[in-house]
Amino acid sequence: MKNQESPEERKLRFKAMSSKERKKLIREKMEVEALQEGSGILGKNISSYDRSEILDLIQLTSCFPELQIKQSYEP
């Protein structure tokens with residue numbers, strides 16, 4: 001059964017959570033996506049990213065629908 005809360009309700013619920021609860025939720029969603037903390041581009045130090053490079057990568061990824069994972073999440 002899907003949760004039918006609005007985006008505003010979801011934001012309020014998220015803001016009402018403690019930091020520990022938010023981290024747990026994010027880690028659970030990452031596990032569903034088979035992502036690991038600290039995963040990224042191999043050999044690339046995260047401190048070497050700049051804002052424009054990140055935005056360019058996001059924009060580039062949006063041009064390739066096959067790179068986007070579309071799954072529904074059920075809490």
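**Figure 1. Glutamate 5, in the segment before α1.** In this predicted model, glutamate 5 sits ahead of helix α1 in the chain. Is glutamate 5 buried or exposed? Glutamate 5 counts as buried, because its relative accessibility is 19% and the cut-off for buried is under 20%. The side chain of glutamate 5 makes a polar contact with the side chain of arginine 13, at 2.7 Å.

**Figure 2. The salt bridge between glutamate 5 and arginine 13.** Let us stay with this pair and look at charge. Side chains of opposite charge can pair when their charged atoms come close. Here the side chains of glutamate 5 and arginine 13 meet in a salt bridge, with 2.7 Å from N to O. The two partners can be compared by their accessibility: glutamate 5 is buried, with a relative accessible area of 19%, whereas arginine 13 is partly exposed, with 36%. How many salt bridges does the count come to? The count comes to 1 salt bridge.

**Figure 3. A patch of positive charge on the surface.** Which residues gather in this patch? They are Arg10, Lys11, Lys15 and Lys29. Helix α1, residues 7-16, supplies the largest share of the positive patch, with 3 residues. Lysine 11 has its place in helix α1. With a relative accessible area of 57%, lysine 11 is exposed, because the cut-off for exposed is over 50%.

**Figure 4. A nonpolar patch on the surface, formed by Ile54, Leu55 and Ile58.** Together these three residues have about 280 Å² of accessible area. Where does isoleucine 54 lie? Isoleucine 54 lies in helix α3, which spans residues 51-62. Isoleucine 54 counts as partly exposed, because its relative accessibility of 39% falls between the cut-offs of 20% for buried and 50% for exposed.

Figure 5. From the N terminus on, the elements run α-α-α. Helix α1 brings the largest share of the positive patch, while helix α3 holds isoleucine 54, one of the residues of the nonpolar patch. How much of the chain is made up of buried residues? Buried residues make up 4% of the 75 residues in the chain, and glutamate 5 from the opening view counts as buried. The accessible surface of the chain comes to about 7,200 Å². Carbon and sulfur atoms account for 57% of that surface.

Conventions:
Residues numbered from 1 in each chain as written. Predicted model: local features only at pLDDT ≥ 70, side-chain atom pairs only at ≥ 80, totals over all residues. Heavy atoms only, no water. Patch = residues over 30% accessible without salt bridge, like charges linked within 9 Å, V, L, I, M, F, W, Y side chains within 5 Å. Areas by Shrake-Rupley, 256 points an atom, 1.4 Å probe, with all protein chains shown as cover. Salt bridge = Lys/Arg side-chain N within 4 Å of Asp/Glu carboxyl O. Lys, Arg positive; Asp, Glu negative; His and termini not counted. Charge placed at Lys NZ, Arg CZ, Asp CG, Glu CD. Helix = DSSP H or I, 4+ residues; strand = E, 2+ residues; numbered from the N terminus. Buried < 20%, exposed > 50% of the residue type's maximum accessible area, 1.4 Å probe, protein only. Polar contact = N/O pair within 3.5 Å; in protein donor to acceptor, adjacent residues only side chain to side chain.
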